[in-house]
Amino acid sequence: MVFGDLREWLQSLAWWRRKRERAFPSVSSRASTGRNEKERLMQRGRHPRELLDFPPVVATAERSLPEHEKGSTRDARISTGAKGADRPQRIDLIVGLDFGTAATKVIVRSPYLPGERARAISFAELGHPSSTYLLPTKLHVGRNGTLALHGDVPGSCFDDLKTALFDREIPGAAMPSSVDSVGRAAAFLALVLREVRARFLQAERETYRRFQIRWAVNVGIPSAGYDDGNIREKFLRAARVGWKLSWETKPMTWDLVMKTLGEVGKAAEDDETPVEVIPEVVAQAVGYARSPLRNPGLHLLVDVGASTLDICGFFLRSAQGQDCYDLLTTTVDPLGVAKLHERRIGALRCEENAKRFQNLDALSPVPETLGDYHPGCACGASDVDGDFRFRVACLITRHLANLKKRRDPYSPKWPDGIPVFLCGGGSGMQLFRKAVEQGDRDFRQHMNAGPIQLRRLPKPAAVVNRDIGDGLFHRLSVAYGLSFDAANIGSVTPPGKLEDIIPGSPPRRDYEANFISKEKV
(Lines give C-alpha, C1' and ligand atoms only; values in the text may rest on other atoms or scores of the structure.)
Protein backbone atom coordinates (compact mmCIF):
# COMPACT_ATOMS: atom_id res chain seq x y z
CA MET A 1 0.00 0.00 0.00
CA VAL A 2 2.86 2.35 0.76
CA PHE A 3 4.36 2.01 -2.72
CA GLY A 4 0.91 2.40 -4.33
CA ASP A 5 0.26 5.63 -2.40
CA LEU A 6 3.71 6.96 -3.37
CA ARG A 7 3.10 6.15 -7.04
CA GLU A 8 -0.27 7.94 -6.97
CA TRP A 9 1.34 10.95 -5.27
CA LEU A 10 4.10 11.17 -7.91
CA GLN A 11 1.56 10.89 -10.73
CA SER A 12 -0.50 13.67 -9.13
CA LEU A 13 2.61 15.86 -8.79
CA ALA A 14 3.53 15.32 -12.46
CA TRP A 15 -0.03 16.24 -13.48
CA TRP A 16 0.10 19.48 -11.50
CA ARG A 17 3.48 20.35 -13.05
CA ARG A 18 2.18 19.81 -16.59
CA LYS A 19 -0.88 21.92 -15.81
CA ARG A 20 1.25 24.75 -14.40
CA GLU A 21 3.60 24.73 -17.40
CA ARG A 22 0.64 25.04 -19.77
CA ALA A 23 -0.71 27.98 -17.78
CA PHE A 24 2.64 29.68 -17.10
CA PRO A 25 5.27 28.67 -19.68
CA SER A 26 8.86 29.35 -18.69
CA VAL A 27 10.87 32.29 -19.99
CA SER A 28 13.12 29.98 -21.99
CA SER A 29 10.18 28.23 -23.64
CA ARG A 30 8.58 31.56 -24.53
CA ALA A 31 11.87 32.84 -25.92
CA SER A 32 12.18 29.70 -28.02
CA THR A 33 8.61 30.16 -29.22
CA GLY A 34 9.40 33.79 -30.07
CA ARG A 35 12.47 32.79 -32.06
CA ASN A 36 10.50 30.16 -33.96
CA GLU A 37 7.82 32.74 -34.74
CA LYS A 38 10.49 35.20 -35.86
CA GLU A 39 12.02 32.60 -38.19
CA ARG A 40 8.59 31.79 -39.61
CA LEU A 41 7.86 35.46 -40.31
CA MET A 42 11.31 36.07 -41.79
CA GLN A 43 10.73 33.21 -44.25
CA ARG A 44 7.66 35.11 -45.37
CA GLY A 45 9.69 38.29 -45.82
CA ARG A 46 8.34 39.98 -42.68
CA HIS A 47 10.04 41.08 -39.50
CA PRO A 48 8.19 41.15 -36.18
CA ARG A 49 8.41 44.38 -34.26
CA GLU A 50 8.03 42.45 -31.01
CA LEU A 51 10.95 40.21 -30.06
CA LEU A 52 10.94 38.01 -26.99
CA ASP A 53 14.71 37.83 -26.69
CA PHE A 54 17.72 40.06 -27.14
CA PRO A 55 18.73 40.43 -30.80
CA PRO A 56 21.82 38.60 -32.00
CA VAL A 57 25.05 40.34 -31.07
CA VAL A 58 27.35 40.68 -34.08
CA ALA A 59 31.07 40.23 -33.71
CA THR A 60 31.92 43.93 -34.02
CA ALA A 61 29.67 44.73 -31.06
CA GLU A 62 31.43 42.39 -28.64
CA ARG A 63 34.23 44.87 -28.08
CA SER A 64 34.45 46.37 -24.62
CA LEU A 65 32.65 49.57 -23.77
CA PRO A 66 34.52 52.77 -22.86
CA GLU A 67 35.62 52.90 -19.23
CA HIS A 68 33.15 55.67 -18.34
CA GLU A 69 30.24 53.48 -19.51
CA LYS A 70 31.12 50.48 -17.33
CA GLY A 71 28.89 50.14 -14.34
CA SER A 72 26.74 53.08 -15.34
CA THR A 73 23.60 50.96 -15.18
CA ARG A 74 24.18 49.34 -11.79
CA ASP A 75 22.30 52.12 -10.04
CA ALA A 76 19.52 52.19 -12.61
CA ARG A 77 17.51 49.09 -11.71
CA ILE A 78 13.86 49.48 -12.64
CA SER A 79 11.05 47.48 -11.09
CA THR A 80 8.99 45.62 -13.66
CA GLY A 81 5.92 45.23 -11.52
CA ALA A 82 5.56 41.64 -12.76
CA LYS A 83 3.98 39.08 -10.45
CA GLY A 84 6.63 36.50 -11.23
CA ALA A 85 9.99 36.04 -12.82
CA ASP A 86 8.36 34.19 -15.70
CA ARG A 87 6.19 37.16 -16.69
CA PRO A 88 8.45 39.79 -18.30
CA GLN A 89 6.67 42.96 -19.34
CA ARG A 90 6.80 44.44 -22.80
CA ILE A 91 8.65 47.68 -23.34
CA ASP A 92 9.15 49.98 -26.32
CA LEU A 93 12.62 51.22 -27.22
CA ILE A 94 12.84 54.01 -29.79
CA VAL A 95 16.03 54.46 -31.80
CA GLY A 96 16.57 58.10 -32.75
CA LEU A 97 18.97 57.96 -35.70
CA ASP A 98 20.44 61.23 -36.94
CA PHE A 99 21.72 60.22 -40.40
CA GLY A 100 24.21 63.05 -40.84
CA THR A 101 26.25 63.98 -43.89
CA ALA A 102 29.57 63.55 -42.07
CA ALA A 103 28.60 61.83 -38.82
CA THR A 104 25.71 59.71 -37.62
CA LYS A 105 24.47 60.09 -34.06
CA VAL A 106 22.08 57.78 -32.18
CA ILE A 107 20.08 58.00 -28.96
CA VAL A 108 17.85 55.17 -27.68
CA ARG A 109 14.93 56.05 -25.41
CA SER A 110 12.40 54.09 -23.37
CA PRO A 111 9.50 56.57 -23.64
CA TYR A 112 7.15 54.77 -21.27
CA LEU A 113 9.45 54.25 -18.30
CA PRO A 114 9.57 56.87 -15.53
CA GLY A 115 11.93 59.64 -16.57
CA GLU A 116 11.99 58.45 -20.20
CA ARG A 117 15.52 57.14 -19.82
CA ALA A 118 17.63 57.95 -22.92
CA ARG A 119 21.15 56.79 -23.76
CA ALA A 120 23.42 58.14 -26.47
CA ILE A 121 25.28 55.31 -28.19
CA SER A 122 29.05 55.31 -27.94
CA PHE A 123 30.56 53.56 -30.96
CA ALA A 124 33.92 53.15 -29.20
CA GLU A 125 36.73 52.50 -31.71
CA LEU A 126 34.30 52.90 -34.62
CA GLY A 127 33.60 56.48 -33.58
CA HIS A 128 35.56 59.58 -34.51
CA PRO A 129 38.68 60.43 -32.44
CA SER A 130 37.06 63.70 -31.36
CA SER A 131 34.08 61.86 -29.83
CA THR A 132 32.98 58.22 -29.78
CA TYR A 133 29.38 59.41 -30.10
CA LEU A 134 30.09 60.59 -33.65
CA LEU A 135 30.13 57.70 -36.13
CA PRO A 136 31.62 58.72 -39.51
CA THR A 137 28.96 58.33 -42.21
CA LYS A 138 31.04 56.06 -44.43
CA LEU A 139 30.37 52.66 -45.95
CA HIS A 140 33.59 50.67 -46.40
CA VAL A 141 34.12 47.88 -48.93
CA GLY A 142 36.45 45.11 -47.75
CA ARG A 143 38.85 42.94 -49.74
CA ASN A 144 36.31 40.11 -49.84
CA GLY A 145 33.51 42.43 -50.99
CA THR A 146 31.76 42.71 -47.63
CA LEU A 147 30.37 46.06 -46.50
CA ALA A 148 31.30 47.40 -43.08
CA LEU A 149 31.57 50.50 -40.90
CA HIS A 150 35.35 50.16 -40.84
CA GLY A 151 37.63 49.19 -43.69
CA ASP A 152 40.64 47.00 -44.36
CA VAL A 153 41.28 48.64 -47.75
CA PRO A 154 42.48 52.28 -47.58
CA GLY A 155 40.25 54.68 -49.45
CA SER A 156 37.71 52.05 -50.51
CA CYS A 157 34.53 53.60 -49.16
CA PHE A 158 31.46 55.69 -49.96
CA ASP A 159 31.11 58.94 -48.02
CA ASP A 160 28.26 60.70 -49.88
CA LEU A 161 25.53 58.39 -48.57
CA LYS A 162 23.09 61.09 -47.51
CA THR A 163 23.66 63.71 -50.19
CA ALA A 164 23.28 61.05 -52.92
CA LEU A 165 19.64 60.61 -51.89
CA PHE A 166 18.98 64.16 -53.13
CA ASP A 167 20.26 63.42 -56.64
CA ARG A 168 17.72 63.48 -59.48
CA GLU A 169 17.31 60.57 -61.89
CA ILE A 170 19.21 60.73 -65.18
CA PRO A 171 16.77 60.29 -68.10
CA GLY A 172 17.56 57.25 -70.25
CA ALA A 173 19.91 55.63 -67.72
CA ALA A 174 20.08 51.82 -67.86
CA MET A 175 19.52 51.62 -64.08
CA PRO A 176 18.01 54.38 -61.93
CA SER A 177 20.69 56.06 -59.83
CA SER A 178 18.35 55.84 -56.84
CA VAL A 179 18.92 52.07 -56.72
CA ASP A 180 22.60 52.58 -55.89
CA SER A 181 22.04 55.53 -53.57
CA VAL A 182 19.19 53.88 -51.65
CA GLY A 183 21.07 50.58 -51.48
CA ARG A 184 24.25 52.15 -50.09
CA ALA A 185 22.29 54.18 -47.54
CA ALA A 186 20.29 51.10 -46.53
CA ALA A 187 23.45 49.01 -46.05
CA PHE A 188 24.99 51.71 -43.86
CA LEU A 189 21.83 52.12 -41.77
CA ALA A 190 21.57 48.35 -41.33
CA LEU A 191 25.13 48.13 -40.01
CA VAL A 192 24.48 51.07 -37.69
CA LEU A 193 21.30 49.48 -36.31
CA ARG A 194 23.13 46.21 -35.64
CA GLU A 195 25.77 48.08 -33.65
CA VAL A 196 23.19 50.19 -31.84
CA ARG A 197 21.09 47.28 -30.58
CA ALA A 198 24.09 45.25 -29.50
CA ARG A 199 25.92 48.10 -27.77
CA PHE A 200 22.78 49.43 -26.10
CA LEU A 201 21.78 46.04 -24.68
CA GLN A 202 25.33 45.46 -23.48
CA ALA A 203 25.37 48.81 -21.65
CA GLU A 204 21.79 48.59 -20.34
CA ARG A 205 21.45 44.86 -19.72
CA GLU A 206 20.75 45.30 -16.01
CA THR A 207 17.93 47.71 -16.77
CA TYR A 208 16.18 45.94 -19.64
CA ARG A 209 17.08 42.25 -19.29
CA ARG A 210 13.71 41.43 -17.71
CA PHE A 211 11.65 43.11 -20.43
CA GLN A 212 10.29 41.93 -23.75
CA ILE A 213 11.55 44.57 -26.19
CA ARG A 214 9.70 46.13 -29.10
CA TRP A 215 11.99 48.22 -31.27
CA ALA A 216 11.11 51.21 -33.45
CA VAL A 217 13.33 53.56 -35.45
CA ASN A 218 12.98 57.23 -36.40
CA VAL A 219 15.39 58.52 -39.03
CA GLY A 220 15.94 62.23 -39.67
CA ILE A 221 15.46 63.90 -43.04
CA PRO A 222 16.34 67.50 -44.00
CA SER A 223 13.31 69.77 -43.78
CA ALA A 224 13.48 70.68 -47.47
CA GLY A 225 13.51 67.00 -48.48
CA TYR A 226 10.41 66.26 -46.42
CA ASP A 227 8.33 68.41 -48.78
CA ASP A 228 9.67 66.55 -51.83
CA GLY A 229 7.78 63.29 -52.37
CA ASN A 230 10.57 61.65 -54.36
CA ILE A 231 13.31 62.47 -51.84
CA ARG A 232 11.13 61.53 -48.88
CA GLU A 233 10.33 58.16 -50.48
CA LYS A 234 14.02 57.42 -51.00
CA PHE A 235 14.86 58.22 -47.37
CA LEU A 236 11.96 56.13 -46.12
CA ARG A 237 12.78 53.20 -48.37
CA ALA A 238 16.45 53.27 -47.37
CA ALA A 239 15.45 53.27 -43.70
CA ARG A 240 13.01 50.38 -44.09
CA VAL A 241 15.38 48.28 -46.16
CA GLY A 242 18.10 49.03 -43.61
CA TRP A 243 15.80 47.88 -40.80
CA LYS A 244 15.12 44.57 -42.52
CA LEU A 245 18.79 44.06 -43.37
CA SER A 246 19.82 44.77 -39.79
CA TRP A 247 18.22 41.50 -38.62
CA GLU A 248 20.23 39.43 -41.10
CA THR A 249 23.01 37.40 -39.51
CA LYS A 250 24.85 36.99 -42.82
CA PRO A 251 27.78 39.26 -43.71
CA MET A 252 26.63 42.44 -45.43
CA THR A 253 27.23 42.18 -49.17
CA TRP A 254 25.95 44.12 -52.15
CA ASP A 255 24.07 41.03 -53.41
CA LEU A 256 22.24 40.76 -50.08
CA VAL A 257 21.42 44.47 -50.20
CA MET A 258 20.00 44.27 -53.73
CA LYS A 259 18.00 41.14 -52.87
CA THR A 260 16.43 42.84 -49.85
CA LEU A 261 15.88 46.04 -51.84
CA GLY A 262 13.80 44.04 -54.31
CA GLU A 263 11.82 42.31 -51.56
CA VAL A 264 10.86 45.50 -49.75
CA GLY A 265 9.83 47.35 -52.91
CA LYS A 266 8.55 50.88 -52.72
CA ALA A 267 8.40 52.37 -49.26
CA ALA A 268 4.74 53.31 -49.62
CA GLU A 269 3.87 49.68 -50.25
CA ASP A 270 5.62 48.37 -47.14
CA ASP A 271 4.03 49.78 -43.99
CA GLU A 272 4.72 46.91 -41.58
CA THR A 273 8.18 47.95 -40.47
CA PRO A 274 8.34 50.16 -37.35
CA VAL A 275 10.30 52.88 -39.17
CA GLU A 276 9.48 56.55 -39.76
CA VAL A 277 11.30 59.51 -41.29
CA ILE A 278 10.91 62.80 -39.44
CA PRO A 279 12.16 66.28 -40.42
CA GLU A 280 15.33 67.12 -38.55
CA VAL A 281 14.01 70.57 -37.69
CA VAL A 282 11.06 68.96 -35.93
CA ALA A 283 13.41 66.66 -34.04
CA GLN A 284 15.36 69.74 -32.92
CA ALA A 285 12.16 71.44 -31.86
CA VAL A 286 10.74 68.48 -29.91
CA GLY A 287 13.23 68.88 -27.09
CA TYR A 288 12.47 72.60 -26.98
CA ALA A 289 8.70 72.05 -27.13
CA ARG A 290 8.88 69.76 -24.09
CA SER A 291 11.23 71.93 -22.05
CA PRO A 292 10.51 74.81 -19.66
CA LEU A 293 11.76 77.17 -22.42
CA ARG A 294 8.79 76.30 -24.65
CA ASN A 295 7.23 79.35 -26.31
CA PRO A 296 4.61 78.65 -29.01
CA GLY A 297 4.60 80.63 -32.22
CA LEU A 298 7.12 81.57 -34.90
CA HIS A 299 10.75 80.36 -34.81
CA LEU A 300 13.76 80.10 -37.11
CA LEU A 301 16.23 77.22 -36.97
CA VAL A 302 19.72 77.29 -38.51
CA ASP A 303 21.45 73.88 -38.54
CA VAL A 304 25.14 74.10 -39.49
CA GLY A 305 26.29 70.68 -40.67
CA ALA A 306 29.48 69.39 -42.18
CA SER A 307 28.43 69.82 -45.81
CA THR A 308 25.06 71.54 -45.66
CA LEU A 309 23.32 74.49 -44.06
CA ASP A 310 19.69 73.65 -43.25
CA ILE A 311 17.46 76.65 -42.50
CA CYS A 312 13.79 76.39 -41.57
CA GLY A 313 11.16 78.79 -40.34
CA PHE A 314 8.46 76.97 -38.38
CA PHE A 315 5.38 77.69 -36.29
CA LEU A 316 4.90 75.72 -33.05
CA ARG A 317 1.34 75.31 -31.80
CA SER A 318 -0.97 72.85 -30.03
CA ALA A 319 -4.17 71.25 -31.26
CA GLN A 320 -6.28 68.75 -29.34
CA GLY A 321 -3.50 68.27 -26.82
CA GLN A 322 -0.85 67.47 -29.45
CA ASP A 323 2.09 69.54 -30.71
CA CYS A 324 1.94 70.72 -34.30
CA TYR A 325 4.87 71.90 -36.40
CA ASP A 326 4.03 74.01 -39.46
CA LEU A 327 7.09 74.31 -41.69
CA LEU A 328 6.86 77.72 -43.34
CA THR A 329 10.22 78.11 -45.13
CA THR A 330 12.87 75.45 -45.81
CA THR A 331 16.19 75.42 -47.67
CA VAL A 332 19.24 73.16 -47.74
CA ASP A 333 22.42 74.65 -49.22
CA PRO A 334 26.02 73.36 -49.59
CA LEU A 335 27.37 75.87 -47.09
CA GLY A 336 28.51 73.63 -44.25
CA VAL A 337 31.82 73.67 -42.38
CA ALA A 338 33.54 71.24 -44.76
CA LYS A 339 32.62 73.44 -47.74
CA LEU A 340 34.11 76.46 -45.97
CA HIS A 341 37.28 74.47 -45.32
CA GLU A 342 37.53 73.45 -49.00
CA ARG A 343 37.26 77.07 -50.13
CA ARG A 344 39.93 78.15 -47.67
CA ILE A 345 42.35 75.47 -48.90
CA GLY A 346 41.68 76.55 -52.48
CA ALA A 347 42.40 80.19 -51.61
CA LEU A 348 45.80 79.53 -50.01
CA ARG A 349 48.77 80.29 -52.22
CA CYS A 350 51.35 78.94 -49.78
CA GLU A 351 51.46 75.26 -50.75
CA GLU A 352 53.13 74.10 -47.55
CA ASN A 353 50.28 75.36 -45.35
CA ALA A 354 47.66 74.12 -47.81
CA LYS A 355 49.07 70.58 -47.67
CA ARG A 356 49.20 70.72 -43.87
CA PHE A 357 45.42 71.18 -43.63
CA GLN A 358 44.36 69.38 -46.80
CA ASN A 359 43.72 66.01 -45.15
CA LEU A 360 41.61 67.45 -42.34
CA ASP A 361 38.47 65.30 -42.19
CA ALA A 362 34.95 66.69 -42.01
CA LEU A 363 34.54 66.00 -38.28
CA SER A 364 37.78 67.55 -37.03
CA PRO A 365 37.68 71.10 -35.66
CA VAL A 366 38.20 73.74 -38.36
CA PRO A 367 40.30 76.85 -37.60
CA GLU A 368 38.17 79.89 -36.82
CA THR A 369 39.62 82.14 -39.52
CA LEU A 370 41.54 81.85 -42.78
CA GLY A 371 44.49 83.56 -41.09
CA ASP A 372 44.80 80.59 -38.69
CA TYR A 373 45.76 78.40 -41.65
CA HIS A 374 48.87 80.46 -42.42
CA PRO A 375 49.71 82.79 -39.51
CA GLY A 376 52.11 85.56 -40.48
CA CYS A 377 51.99 84.60 -44.16
CA ALA A 378 51.49 87.26 -46.83
CA CYS A 379 50.64 85.01 -49.78
CA GLY A 380 47.68 87.19 -50.72
CA ALA A 381 44.88 84.64 -50.22
CA SER A 382 41.48 85.96 -51.25
CA ASP A 383 38.89 86.76 -48.58
CA VAL A 384 36.83 83.57 -48.87
CA ASP A 385 35.60 83.97 -45.27
CA GLY A 386 33.96 87.27 -46.09
CA ASP A 387 32.32 85.85 -49.21
CA PHE A 388 31.13 82.74 -47.34
CA ARG A 389 29.71 84.79 -44.46
CA PHE A 390 27.91 87.04 -46.96
CA ARG A 391 26.26 84.02 -48.63
CA VAL A 392 25.02 82.64 -45.31
CA ALA A 393 23.80 86.08 -44.23
CA CYS A 394 21.83 86.44 -47.48
CA LEU A 395 20.02 83.17 -46.78
CA ILE A 396 19.12 84.34 -43.28
CA THR A 397 17.82 87.64 -44.65
CA ARG A 398 15.78 85.84 -47.30
CA HIS A 399 14.11 83.53 -44.76
CA LEU A 400 13.31 86.36 -42.37
CA ALA A 401 11.89 88.45 -45.22
CA ASN A 402 9.71 85.58 -46.47
CA LEU A 403 8.39 84.96 -42.98
CA LYS A 404 7.65 88.64 -42.45
CA LYS A 405 6.18 89.38 -45.90
CA ARG A 406 4.03 86.39 -46.67
CA ARG A 407 4.35 83.41 -44.33
CA ASP A 408 3.54 84.87 -40.90
CA PRO A 409 3.38 88.69 -41.07
CA TYR A 410 1.04 88.94 -38.06
CA SER A 411 3.23 87.08 -35.57
CA PRO A 412 3.29 88.90 -32.22
CA LYS A 413 6.97 88.00 -31.90
CA TRP A 414 8.19 90.42 -34.58
CA PRO A 415 8.37 93.52 -32.31
CA ASP A 416 10.61 91.75 -29.76
CA GLY A 417 12.47 89.56 -32.28
CA ILE A 418 11.76 85.93 -33.14
CA PRO A 419 13.68 83.10 -31.41
CA VAL A 420 16.46 81.62 -33.57
CA PHE A 421 18.09 78.27 -32.82
CA LEU A 422 21.69 77.99 -34.02
CA CYS A 423 22.62 74.33 -33.81
CA GLY A 424 24.64 71.59 -35.50
CA GLY A 425 28.30 70.62 -35.42
CA GLY A 426 29.48 73.94 -36.89
CA SER A 427 27.26 76.22 -34.82
CA GLY A 428 30.12 76.98 -32.44
CA MET A 429 32.15 78.75 -35.14
CA GLN A 430 32.02 82.51 -34.85
CA LEU A 431 31.74 82.89 -38.63
CA PHE A 432 28.27 81.35 -38.68
CA ARG A 433 27.09 83.23 -35.62
CA LYS A 434 28.26 86.52 -37.17
CA ALA A 435 26.58 85.57 -40.45
CA VAL A 436 23.25 85.05 -38.69
CA GLU A 437 23.59 88.39 -36.89
CA GLN A 438 24.56 90.14 -40.14
CA GLY A 439 21.57 88.63 -41.93
CA ASP A 440 19.29 89.88 -39.18
CA ARG A 441 20.73 93.41 -39.37
CA ASP A 442 20.30 93.50 -43.14
CA PHE A 443 16.70 92.30 -42.74
CA ARG A 444 15.84 94.98 -40.16
CA GLN A 445 17.16 97.74 -42.42
CA HIS A 446 14.07 97.21 -44.55
CA MET A 447 11.60 95.61 -42.14
CA ASN A 448 10.12 96.73 -38.83
CA ALA A 449 11.15 94.02 -36.36
CA GLY A 450 13.16 93.52 -33.20
CA PRO A 451 16.60 91.84 -33.12
CA ILE A 452 16.52 88.05 -33.24
CA GLN A 453 16.96 86.11 -30.00
CA LEU A 454 19.60 83.38 -30.34
CA ARG A 455 18.80 80.25 -28.33
CA ARG A 456 20.52 76.97 -27.49
CA LEU A 457 19.06 74.08 -25.50
CA PRO A 458 20.87 72.56 -22.49
CA LYS A 459 21.30 68.81 -22.07
CA PRO A 460 18.03 67.22 -20.85
CA ALA A 461 18.02 65.27 -17.59
CA ALA A 462 16.73 62.16 -19.41
CA VAL A 463 20.12 61.62 -21.10
CA VAL A 464 21.99 59.28 -18.75
CA ASN A 465 25.48 59.56 -20.28
CA ARG A 466 27.66 61.27 -17.71
CA ASP A 467 30.34 62.41 -20.14
CA ILE A 468 27.98 64.44 -22.36
CA GLY A 469 27.74 68.10 -21.48
CA ASP A 470 25.91 71.02 -23.09
CA GLY A 471 28.82 71.57 -25.49
CA LEU A 472 28.47 68.09 -27.01
CA PHE A 473 24.71 67.69 -26.65
CA HIS A 474 23.95 70.27 -29.35
CA ARG A 475 25.48 67.78 -31.81
CA LEU A 476 23.16 65.07 -30.49
CA SER A 477 20.01 67.16 -30.20
CA VAL A 478 18.50 65.85 -33.45
CA ALA A 479 18.99 62.24 -32.35
CA TYR A 480 17.45 63.14 -28.99
CA GLY A 481 14.31 64.54 -30.62
CA LEU A 482 14.07 61.55 -32.94
CA SER A 483 14.10 59.20 -29.95
CA PHE A 484 10.57 60.24 -28.97
CA ASP A 485 7.74 57.97 -30.05
CA ALA A 486 6.71 59.08 -33.55
CA ALA A 487 3.04 58.80 -32.58
CA ASN A 488 3.56 61.38 -29.82
CA ILE A 489 5.93 63.80 -31.54
CA GLY A 490 3.03 65.60 -33.19
CA SER A 491 1.86 66.51 -36.66
CA VAL A 492 4.10 68.02 -39.34
CA THR A 493 2.78 70.22 -42.15
CA PRO A 494 5.25 70.83 -45.01
CA PRO A 495 5.49 74.27 -46.67
CA GLY A 496 3.59 73.18 -49.77
CA LYS A 497 0.46 72.53 -47.69
CA LEU A 498 0.38 76.06 -46.20
CA GLU A 499 -0.87 79.08 -48.13
CA ASP A 500 0.74 82.51 -47.96
CA ILE A 501 -0.84 85.27 -45.89
CA ILE A 502 -1.19 88.53 -47.79
CA PRO A 503 -0.25 91.57 -45.65
CA GLY A 504 -3.08 94.05 -45.18
CA SER A 505 -5.74 91.37 -45.14
CA PRO A 506 -6.90 89.28 -42.18
CA PRO A 507 -5.05 85.98 -41.73
CA ARG A 508 -6.88 83.19 -43.55
CA ARG A 509 -4.66 80.24 -42.77
CA ASP A 510 -6.78 77.49 -41.25
CA TYR A 511 -4.38 75.70 -38.92
CA GLU A 512 -7.02 73.36 -37.59
CA ALA A 513 -7.74 72.06 -41.08
CA ASN A 514 -4.10 70.97 -41.36
CA PHE A 515 -4.15 69.11 -38.06
CA ILE A 516 -4.15 65.32 -38.34
CA SER A 517 -5.60 63.85 -35.17
CA LYS A 518 -5.04 60.30 -33.94
CA GLU A 519 -8.55 59.39 -35.08
CA LYS A 520 -7.63 60.30 -38.69
CA VAL A 521 -4.52 58.10 -38.77
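I began with Cys394, which is partly exposed because its relative accessible area is 31% (buried means under 20%, exposed over 50%, partly exposed in between, with a 1.4 Å probe and protein chains only). Residues are numbered from 1 along each chain as its sequence is written, and side-chain values use heavy atoms, with hydrogens and water left out. This is a predicted model, so I kept in mind that local features need pLDDT of at least 70 and side-chain atom pairs count only at pLDDT 80 or more, while totals for chains, interfaces and linings use all residues.

Next I looked up Cys324. Its relative accessible area is 0%, so Cys324 is buried. I then looked for disulfides (pairs of cysteine sulfur atoms within 2.5 Å). The structure holds 0.

**Confidence.** I checked pLDDT (the predictor's confidence in each residue, from 0 to 100). The protein averages 80, and 76% of the residues score at least 70. Over residues 515-521 the pLDDT is below 50, and this stretch has 14 contacts in the model beyond near neighbours in sequence (contact means heavy atoms within 4.5 Å). Residues 19-84 stay under 50 as well, with 104 contacts beyond four places in sequence.

**Helix H6.** I turned to H6, residues 229-246 (helices are DSSP runs of H or I with at least four residues, strands are runs of E with at least two, and both are numbered from the N terminus). H6 has 18 residues and reaches 25 Å from its first C-alpha to its last. That is close to the expected 26 Å (1.5 Å times one less than the number of residues). Of its 18 residues, 14 are buried, so H6 is mostly covered. Asp228 caps the N-terminal end: one of its side-chain oxygens lies 3.0 Å from the backbone nitrogen of Asn230.

**Thr104.** I found Thr104 in strand S3, residues 103-109. Thr104 counts as buried because its relative accessibility is 0%. Its side chain makes a polar contact of 3.0 Å with that of Thr137 (a pair of N or O atoms within 3.5 Å; within protein, one must be able to donate a hydrogen and the other to accept it, and residues adjacent in sequence count only if both atoms are side-chain atoms). Beyond four places in sequence, Thr104 touches residues including Leu97, Phe123, Tyr133 and Val192.

**Phe357.** Last, I looked at Phe357 in helix H10, residues 351-358. Phe357 counts as buried because its relative accessibility is 14%. Outside four places in sequence, Phe357 contacts His341, Ile345, Pro367, Asp372 and Tyr373. Glu342 is 15 residues away along the chain, and its C-alpha is 9.8 Å from that of Phe357.
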